[in-house]
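This note concerns the strand arrangement and the charged side-chain contacts. Please read it alongside the coordinates.

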Amino acid sequence: AALAAQFQDLEAIQWGSFTDNFLCLYAANQWNMDWFNDAQWEGIVHNLALTAKAARLGRCVGVCFDPEPYGPNPWQYKGGDGKPTYAQVAAQVRTRGGQFLAALQSELPEVKVLSFFQLNLFAGLAREPEQRDARLAQQGWGLLAPFVEGMLSVANPGTRLIDGNESAYYYPA
């Protein structure tokens, strides 16, 4: 009910010649998101479903997901004594990636998720699969890979995950 006016505004948009419109969704982590906090993730999933509803009402094809952390980095594994291993955290992050996409698909069954960065960050890992987890555990983006894997595990046939390869913005013409 609190979003009714915004939903009406989205429905009223006349896109004209624009065909593939996206709502922006940021992975910013200003409130200490915890991959293992189920109550926190209930709220996240609820808000993602609202985001998908807004996108559907606005006749958007999906969301533009910016995984860049503008603050604390949710994608960096922070291990140490007494903390879960990278494999344990990655398994939980895979689950959360699945919940993320399932929530979006609840309103947009064939959602398009355009991401500025995705698996293009990890191209070198394909050459050394036996060292994958050890290398990911050391990277600032190391938990993004299992998050995307989780999304892929629940993707509907018409769902599209689009890697925007932001690094290519700076390639010479």
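The points below take the basis of the values, then the sheet, then the salt bridges.

1. Basis of the values. The model is predicted, so local features require pLDDT of at least 70 and side-chain atom pairs count only at pLDDT 80 or more, whereas totals for chains, interfaces and linings use all residues. Residues are numbered from 1 along each chain as its sequence is written, and side-chain values rest on heavy atoms, with hydrogens and water left out.

2. Four strands form an open sheet in the order 1-2-3-4, with parallel pairing. Strands are DSSP runs (E, at least two residues) numbered from the N terminus, as are helices (H or I, at least four residues); two strands pair if DSSP finds at least two bridges between them. Strand 1 (22-26) and strand 4 (160-163) are the edge strands, each with a single partner, so one side of each has no neighbour in the sheet. From one strand to the next, the twist averages 25°, with axes as lines fitted to C-alpha atoms (for helices, over the stretch in contact) and angles running from 0 to 180 degrees between N-to-C directions.

3. Pairing of strands 3 and 4. Four bridges join strand 3 (residues 112-115) to strand 4 in the parallel sense. Asp 163 in strand 4 is the bridge partner of Ser 115.

4. The whole structure contains six salt bridges, each defined by a side-chain nitrogen of Lys or Arg within 4 Å of a carboxyl oxygen of Asp or Glu. One of them joins the side chains of Arg 96 and Asp 38, at 2.7 Å from N to O. Arg 96 belongs to helix 3 (residues 86-105) and Asp 38 to helix 2 (residues 38-57), so the contact ties together parts 58 residues apart in sequence. Arg 96 is buried, at 2% relative accessible area, while Asp 38 is partly exposed, at 48%. The classes are buried under 20%, exposed over 50% and partly exposed in between (1.4 Å probe, protein chains only).

5. Salt-bridge network. Arg 94, Arg 132, Asp 133 and Glu 149 are linked in a network of salt bridges. Within this group, Arg 132 meets Asp 133 at 3.2 Å, N to O, and Arg 132 meets Glu 149 at 2.3 Å, N to O. The latter pair links distant parts of the chain, Arg 132 in helix 4 (residues 132-138) and Glu 149 in helix 5 (residues 144-154), 17 residues apart. Arg 132 is partly exposed at 22% relative accessibility, as is Glu 149 at 29%.
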